[in-house]
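This report describes selected features of one protein chain.

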Amino acid sequence: MSQIGKKIPEFKTMGYAPSKEEFVEVSNKDLEGKWTVLMFYPADFTFVCPTELEDMQEQYGKLKELGAEVYSMSTDTHFVHKAWHDHSEAISKLEFTMLADPHKSIARDFDVLDEEAGLAQRATFIIDPDGVIQTLEINADGIGRDASQVIDKIRAGQFVRNNPGQVCPAKWKQSGKTLTPGLDLVGKI
């Protein structure tokens, strides 16, 4: 069943906040009131995962400018996140909070838990300020994500939210042409 347009599940968990150098408690309530990127990944101390998190960090400043916050999450503990942050060149650059899901309940509630492996899938959720899922992308374990695409999706989501009745076509970029769905467009696109 699709999660698009659904409110995110309730959760509360611990995380490691590298920018504060401390452990923090985060809940679904902390995601409300701003655009949020929730990035699930399989595990710390692995291979594709650090490249994705480092790539997201490279886009983090632009996302913050758009009023968006980023959280990464795996089924590791917040203690493991801190150890990984302290021992990995790529992960030591992170400023966004790394959330822990050692009980696997959050990944299961978001329907991105690989039950057999006991690990989260590579899933990226873009959540609006009301806590509603606007986009969801899931990749196979061996396929890394491109964080720059998240920026365009946030911008499109913000545009549609602020301009009811208009939609963003494929490859839409900020200040690009939008569409107003109606009878006059049927069969002409």
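Residues are classed by relative accessible area (1.4 Å probe, protein chains only): buried means under 20%, exposed over 50%, and partly exposed in between. By this scale Ile4 is partly exposed, because its relative accessibility is 42%. The model is predicted, so local features need pLDDT of at least 70 and side-chain atom pairs count only at pLDDT 80 or more, while totals for chains, interfaces and linings use all residues. Residues are numbered from 1 along each chain as its sequence is written, and side-chain values use heavy atoms, with hydrogens and water left out.

Ile4 is placed in the segment before β1 (12-17); helices (H or I, at least four residues) and strands (E, at least two) are DSSP runs, numbered from the N terminus. Together with Leu136 and Ile138, Ile4 makes a nonpolar surface patch of about 220 Å². Such a patch joins nonpolar side chains (Val, Leu, Ile, Met, Phe, Trp, Tyr) within 5 Å, from residues with over 30% relative accessible area and no salt bridge; accessible areas come from the Shrake-Rupley method with a 1.4 Å probe.

A salt bridge is a side-chain nitrogen of Lys or Arg within 4 Å of a carboxyl oxygen of Asp or Glu. Eleven are found in the whole structure, including those tabulated here.

| Pair | Closest N and O atoms |
|---|---|
| Arg122 and Glu52 | 2.7 Å |
| Arg145 and Glu52 | 2.8 Å |
| Lys82 and Asp86 | 2.5 Å |

Glu52, Arg122 and Arg145 are linked in a network of salt bridges. Glu52 is buried at 2% relative accessibility, as are Arg122 at 4% and Arg145 at 11%. Arg145 lies in the loop between β9 (133-139) and α4 (148-162) and Glu52 in helix α1, so this pair ties together parts 93 residues apart in sequence. By contrast, Lys82 and Asp86 both lie in helix α2 (residues 78-87), four residues apart.

The largest pocket holds about 170 Å³ of space. A pocket is an open set of points on a 1 Å grid over the protein atoms alone, with protein on both sides within 12 Å along at least five of seven lines; lining residues have an atom within 4 Å of a point. Its volume is the space filled by probe spheres set on the points. Among the lining residues are Lys20, Glu25, Tyr60 and Phe96.

Asp111 is exposed at 53% relative accessibility, whereas Phe45 is partly exposed at 46%.

Technical notes
Patch = residues over 30% accessible without salt bridge, like charges linked within 9 Å, V, L, I, M, F, W, Y side chains within 5 Å. 1 Å grid on protein atoms, 1.4 Å probe; cavity = no way out; pocket = protein on both sides within 12 Å on 5 of 7 lines; lining within 4 Å.
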